[in-house]
Every structure is written in C-alpha cells, then in structure tokens.
Amino acid sequence: MTKTTLDLIIRGGIAVLGHRVQQADIGVRGGRVAAIGDGLPKAAEEIDARGLLVLPGGVDSHCHIEQISGAGLMNADTFESATRSAALGGTTTTISFAAQHPGHMMRKVVGDYAKLARKGALIDHAFHMIVSDTGNGNLADDIPALIAEGHRSIKIFTTYDKVRQDDKSILDLLDLAKRAGALVCFHAENDGLIRHMTEKLLAAGKTAPHYHAQSHPRAAEVEAIDRMCRFAEFTGARIMIFHVSTVEGAQIIRAAQARGVAVAAETCPHYLFMTEDILQRENPARFLCSPPQRSAADQDALWAAMADGTITIITSDHAPYRMDASGKFANGADVAFNRIANGMPGLETRLPLMFNAMVTEGRMGLAAFAHMTATAPARAFGLATKGEIALGFDADIALWDPKLRHDYGVNDLHDNVGYNPFEGTAVTGLPVTLLSRGEVIVRDRQLCAGPGRGKWLPMTEPGV
Ligand SMILES: [Zn+2]
C-alpha cells in the first residue's frame, strides 16, 4: 500500500486479480493501478463497488472497424461507433485490422488507418496488419519496419479472392514473423474446397442464404488449420488460429500444441451460442459468417477445448454490415448466398454473453471469464499494460452487476449495424461502469466519453 494520495478508489467490490477472486479496494493514480488492498485511505474520487464485481476491461483482439473488406465493402462502423458499442459492452481495448489491398504499401495502409483510429476511438487500440501483397518491398521493407515499431501481428487469409495468400507467400511471412518477433493470425479455410462447393451449389440452383453453410464445409477449416499448424512447425513461427468452429479444428490444434507448435486459438460467441439451423430463420443474412455456425457437438468440443486450454481466447469477430444496400445486400437484395456480405456485430454482446454462460450459469467461472476475454488476448498480442488488474497496469476496469438482466432486442446495440443477432437471448450480468486509464468512460450504463481519447498501443513480443 502507498502513502501518496490516490486519484480514485474503487471500494468494496469483489475483484478478479489474476486467478484470485477476492474483496479488494483498487486505487488508481495517473491512470494506472497504484494500490490493491483493504481499507485504502480516502481518495479525491471514490466509486462504491459494493455488490459489484471488479474485472479487467475486456480486450477484443479480433474486430473489424472502419475497414474495407476483401470484397471492397466498407464496414458500417467507424472507430467512434464501434468503440462506443465496445465500451458499453465492457471492453476497453480493441485490436482491429489495417487491411492492405493488392498494390498498396503497408506503411501507408497502417498510417491511414491509424489516423482514423486517432480521430474516432474512445478506447485504446492496436492493429493487426492484413497482408494481401508482399511485393514492391512490402515483405522486404515495410512489414519488418512496422513490426519493429510495434505492429507485431500479421493477419493472413487462406481464402477470399484478392486477399488470400498462397502457401509460398504464407511461408515467407511466417519466416519474417519468426525473425522479427511477430505473431501470424489466420483465417484458415481451404479456398479450393469453398469455391468447389459454391460452384456445385449454384449450378444446382441452391442459392438461398442457408446454403452458405454447405459452401464452407468443415473439411475446409480442418485442412487449412492443419496446414497452418504444419507451416508453423516447419518455420518455428508463432501463430494464432482465428475463429475455430469445429471438433476437428480444435483436435488438430490440441495435437499441434502437444508437439510443441507455438499455436494459440480463439473462438467467438456465435460459434458457442448459435448452430447452423439459425440460417433457417427469417432474414438469415443477419447470421451469415465464415466459417459458418456448426452443430451442437461442435459447441461441446469448443467448450471442452476452452476448459483444457487448447482455446484460450474469446473474441467477437465484430464484422459490421447493415441489412441494406450499404452492407449485406450491396450486390442486390435477392442474390445468391455467396454474394451476401459475411459477418455480424458482436463488440457489445461478447462479454455479456460469455459472462452469462461462464459466470451466471457457472461454466468455468469468473477468473476464467476474465482470463479468456481480457488477460489472454492482451498477453498473446503483447499488450503489456492491459488485460489485468495488477499494480502498474493501466486502470482499465469494468464494474459488473452480476444480477442485472437484459433481454436482447431487435436493435438495442450502440454500433451502427441496426440489428442484434442475439435478439431474443437473455443475459444476466452486465457491465455498469467502465474505466479506461482511470477515467470513467461509462457510468451507470451511460457513455460519458467522446471520440479521440483512445491511444494506440505498441505490441511487445507476442506471448504465444
Ligand atoms: Zn474476422
């Protein structure tokens, strides 16, 4: 405990401190956690946290914000609308994507994207670099220089026209990442399998949205995850498999980890809480995402993989497109499944959905919830001051009311997407107050911060 005056104290709550859960006062000075203890001396500002849980603010390490997709479509969310939604869902850090399109230089892509973040972001943030062109000095100069400056995450697509990388290019990037100290994240689905199935379905007149699931067969994920794990093993690079959705995908990662491959994995709420039959509902375009939702058996396998440490991270994969010509239906209102934009909003619902399942319903518990939604992603991506309530860390803290219930409605989120894919789902346990670097940015579920206050975070060595 310190004798110097604290700026703020969060008093009397049940705090998650690493793996420990205990009553503790949290003292903040200069935006950082400066004291953790019982009966801390009075500070200028006090927050009464009795009856509340005191958790690290969420770290969402996979979200698409103000980004142009591989198909050339702009997200519905700006940094302002996305991070507003994130904050109201208890998240204090985002890692979104500086997306390179072929012919562009990575240095300019990252520079332009950083400008958007500086203007709009309410909360702190880092970027992944989506690499779609390694030529023109990108591989030799821009990317290694950017890694050295703290952009230590590369995202590669194994599918999607224009952005996908072939095996040779992937190996080149893994080699560079190994040398330069970066993490390589994969959207891992076999491109040929998807194109083969899509062509067959369309030829048979099977164009309705729910055929999307068949067009991304589980074998596509299985093959690509295995190949990426083999490449990581071969190069010695550290990798992250994004949005694992299948039993077999989790098994392959578990086996690779057992061989000593440096592979981490994430999954998302829409794989844990939705199954393929959701595409039979009205307006199924709302739920289209890749990989698609799978089966109840896959959900069980994902939970088992979370419990045994194979999957350590839960992200939203927030991919915001409105249900109109600006988004989902940019190619027309009545088009085949493969011409509807993929993705759904999730920045605001990720934590309440996971809290409800992990804490309220008792699946894995409070410490595991905080670990998988904040600590593990911060560590994996080398965000040294984030993801934990600990001395010296940024005071990014969420106060949760474990009894507060909300029934998700048609359009009750604060992003710019216009629908909630979890409409009809009830959650118990919600973040009520949120601090970012010691500043209260949400109080009693009301936003009280403006755009542009968020800071870019350089990544240190990845913790995978
Ligand atoms: Zn994504």
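How many residues of domain 1 are in contact with domain 2, and how many of domain 2 with domain 1? I looked this up in what is a predicted model, and found that 31 residues of domain 1 touch 37 residues of domain 2.

**Entry 1, the two domains.** I took the bounds from the domain assignment, which gives domain 1 as 8–56 + 388–447 and domain 2 as 58–372. Between their centres, taken over C-alpha atoms, I noted 27 Å. On the side of domain 1 that touches domain 2, I found that strand 5 (53–56), strand 14 (397–407), strand 15 (426–436) and strand 16 (439–443) each supply at least two residues, and that strand 15 has the largest share, with seven residues. Sorting the residues of that side by type, I listed 21 nonpolar, eight polar and two charged.

I followed eight strands through an open sheet with parallel pairing, in the order 6-7-8-9-10-11-12-13, and recorded strand 6 (58–60) and strand 13 (313–314) as its edges, each pairing on one side only. Strand 9 and strand 10 pair over five bridges in the parallel sense, and I noted histidine 187 in strand 10 as the bridge partner of phenylalanine 157.

Ile170, Leu173, Leu174, Leu176 and Ala177 are buried in helix 4; seen down the axis, the buried residues fall within an arc of 165°, so they line one face of the helix. Among the elements covering them I listed helix 3 (138–148), strand 9 (153–157), strand 10 (183–187) and helix 7 (218–235). After helix 4 comes glycine 181, with a positive phi near 85°.

Notes. Residues numbered from 1 in each chain as written. Predicted model: local features only at pLDDT ≥ 70, side-chain atom pairs only at ≥ 80, totals over all residues. Buried ≥ 20, exposed ≤ 12 C-beta atoms within 10 Å, placed from the backbone. Helix = DSSP H or I, 4+ residues; strand = E, 2+ residues; numbered from the N terminus. Arc of directions from axis to C-beta. Contact = placed C-beta atoms within 7 Å. Pairing = 2+ DSSP bridges. Domains from an automatic or database assignment. Nonpolar A, V, L, I, M, F, W, Y, C, P; charged D, E, K, R; others polar.
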